[in-house]
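Hi everyone, thanks for coming. Let me put the model up, and then we can walk through two parts of it together.

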Amino acid sequence: MLSIRDVAVSFGGVAALGGVDLDVETGRVVGLVGPNGSGKSTLLNVIAGVIVPDRGTAVLDGHPLPFGRPEGVAARGIARTFQIPRLARRLTVAQNVIAGGRDQPGESLAALLFRPGAVRAAERQVTARAFEVMRRLGLDHLADHPAGGLSGGQQKLLSMGMALMADPVLMLLDEPAAGVNPVLIEQQVRFIRALASEGRGVLIIEHNMEMVSNICDHVVVLDGGKVIARGTPDEIRRDRAVMRSYLGEVA
Ligand SMILES: Nc1ncnc2c1ncn2[C@@H]1O[C@H](COP(=O)(O)OP(=O)(O)OP(=O)(O)O)[C@@H](O)[C@H]1O
């Protein structure tokens, strides 16, 4: 589904990524791990259309991704979450989720004026979908609460729901478990596995190795902007280079 080849990025002479290859297949959860500063966020930002790489290619379902055009990338069916959720804190949980749905006819003045029935029907559909998404995330009982009043972990779940409203083929998740309590991490794990079983691809940056082991089919380890290992979570845990660089740093 997604093929990254030889992607390199440098910031003022510092190589953040030195020629990285990465694949995400349909229905698979791929973990992107590595020590701080290894280039994980940079790679996610290249895929999301935020950073234009110095070289390399990214192909989604046979077509190149438009580097440097986040809205073009989103239109290709890639949705993302951020380390710090980007929410409208004063709007309700339901309003935030609804806002995550794209292509709403109500956004077009012409549609509002000339096809009000179609707009109402589409709005009903988006609202029904939003409630379904909130149910999946266990947030439906909080639908009318302001998003800013949710716990950090609930806000992360909410941001995943907002991303899902765009019905993406590929989800990019940036450290969803950071600072989240174990019960909500469990909920995230179920949600992410369900995304994959629906046939979506998931690329997840995560430091929590237990979570990575629980959800990832495949793990790619970066260090100093290069891939130092790739394989199943089990293979990665046993990899000597990984122990030296990534796990060694944690210890
Ligand atoms: N906008 C920027 N300007 C200059 N240097 C940057 C910029 N963004 C990242 N870097 C540098 O590029 C390298 C890779 O950073 P990146 O944020 O991608 O790592 P990371 O693996 O996501 O780290 P973390 O786990 O801390 O989020 C680091 O040396 C970082 O200092």
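Helix H1 contributes the most to the shell around the ligand, with three residues. Helices here are DSSP runs of H or I with at least four residues, strands are E runs of at least two, and both are numbered from the N terminus. Do keep in mind that this is a predicted model: local features need pLDDT of at least 70, side-chain atom pairs count only at pLDDT 80 or more, and totals for chains, interfaces and linings use all residues. Residues are numbered from 1 along each chain as its sequence is written.

Back to the ligand. H1 (40-47) and strand S2 (14-24) each supply at least two residues of that shell. Among the residues around the ligand are Val 14, Ala 16, Lys 40, Ser 41 and Thr 42; a residue is near if its C-beta atom, placed from the backbone, lies within 6 Å. The shell divides into three nonpolar, seven polar and one charged, with Ala, Val, Leu, Ile, Met, Phe, Trp, Tyr, Cys and Pro as nonpolar, Asp, Glu, Lys and Arg as charged, and the others, Gly among them, as polar.

Now for a helix pair. Which residues in H6 meet H7? Gly 153, Gln 154, Leu 157 and Met 160 in H6 meet Leu 184, Gln 187, Gln 188 and Phe 191 in H7, where contact means C-beta atoms, placed from the backbone, within 7 Å. The residues of this contact divide into four nonpolar, four polar and no charged.

On confidence, the model scores ipTM 0.96 and pTM 0.90.

How values were computed: Two residues are in contact if their C-beta atoms, placed from the backbone, lie within 7 Å.
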